[in-house]
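Here is a short report on one predicted model.

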Amino acid sequence: MAKLRMALVVVLLVVALLVALVWLLQRRLIYFPDRSAPPPASRVVAGARDVVLHTADGLRLGAWLVTPPAGRRDRHVAVLFAPGNAGNRLDRAPLAAALADRGLTVLLLDYRGYGGNPGSPSEQGLAHDVDAARSHLAARGLPLVYFGESLGAAVVTALAVRHPPAALVLRSPFRDLAAAGREHYPFLPVRLLLRDRFPVGDLIGRVQRPTLVAYGTADTVVPPAHSIAVAERAAGPVRLLAVDGADHNDAALVMGPDLLDAVAELVDGLGVA
């Protein structure tokens, strides 16, 4: 009996240690930044330029502004692009170029701790970052479309509640971070441990703007059921775009023609001259 009690104590201590480690290091399991500074924007996308965003808590963040190339129809709409939880803006340059080719002005945001930017990411920190990006774009006087991928979909949904856009694009959104976390860490009490919540499913019901929700039917990172649930909870007019056979980071979902066409149709539906 004494040996059994000792074994139980050891197991409980191991579990407690594991939970404590997850609590302390959880953001390393959420955010995977490429901290290296990208090259100048103009060396990556023709006509793009580097801009600096100023956050409410005093950070200066590097970002890229990509405008429609000469000779292309200018739709006179700006897209604030909020990335997912990995990489940096260099990885999203092809998408920004493709959107600009469709006549859209695109601000490629990098969060704090990403792409040579100072600071460390958190839910509150990312909210400051996207607020700064919105302020920068709003000064241009163009209607704004918020475009978020994966974690970025959560960031722009919260932004849309604070500052409603003309329209919203959510690519591979999850219901909330805890629900997404349970898919990958089913052995942990994720909801109890999380500091950062990102409650997309709750917030989207407060956004009454036209919304496009795109997802891959073979997504192994954010299960399709999550994105479908987000679309079902949207308060405004919503279009659900399924990219057949696409996984989370497949080109067909990230910047395929179906997605680009759907974004262009959403923008055209705004009636901007």
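Thr-157 is buried, because its relative accessibility is 0%. Buried means under 20% relative accessible area, exposed over 50%, and partly exposed in between (1.4 Å probe, protein chains only).

This is a predicted model, in which local features need pLDDT of at least 70 and side-chain atom pairs count only at pLDDT 80 or more, while totals for chains, interfaces and linings use all residues. Residues are numbered from 1 along each chain as its sequence is written, and side-chain values use heavy atoms, with hydrogens and water left out.

Thr-157 sits in helix H4, residues 151-162. Helices (H or I, at least four residues) and strands (E, at least two) are DSSP runs, numbered from the N terminus. Setting aside neighbours within four places in sequence, Thr-157 contacts Leu-168, Leu-170, Val-200, Leu-203, Ile-204 and Val-207. Contact means heavy atoms within 4.5 Å.

The largest nonpolar core has 47 residues. Such a core is a set of buried Ala, Val, Leu, Ile, Met, Phe, Trp, Tyr and Cys residues joined through side-chain atoms within 4.5 Å. Leu-168 and Leu-170 are among the residues that touch the most other members. H4 gives the most to this core, with 7 residues. Another core, of 33 residues, lies apart from it and includes Val-66 and Leu-95.

**Helix against helix**

Helix H3 (residues 123-138) also meets H4: their axes come within 10 Å and cross at roughly 65 degrees. Axes are lines fitted to C-alpha atoms, for helices over the stretch in contact, and angles run from 0 to 180 degrees between N-to-C directions. The contact is made by these residues:

| Helix | Residues in the contact |
|---|---|
| H3 | Leu-126, Ala-127, Val-130, Asp-131, Arg-134 |
| H4 | Leu-151, Val-155, Val-156, Leu-159, Arg-162 |

**The sheet**

An open sheet holds 8 strands, in the order E2-E3-E6-E4-E7-E8-E9-E10, with mixed pairing. Two strands pair if DSSP finds at least two bridges between them. Strand E2 (49-54) and strand E10 (238-243) are at the edges, each with a single partner strand, so one side of each has no neighbour in the sheet. The twist averages 20 degrees from one strand to the next. E2 and E3 run antiparallel, joined by 6 bridges. Arg-49 stands opposite Leu-65 in E3.

Helix H8 (residues 224-233) lies across strand E8 (167-171), strand E9 (211-216) and E10. H8 runs at about 170 degrees to E9.
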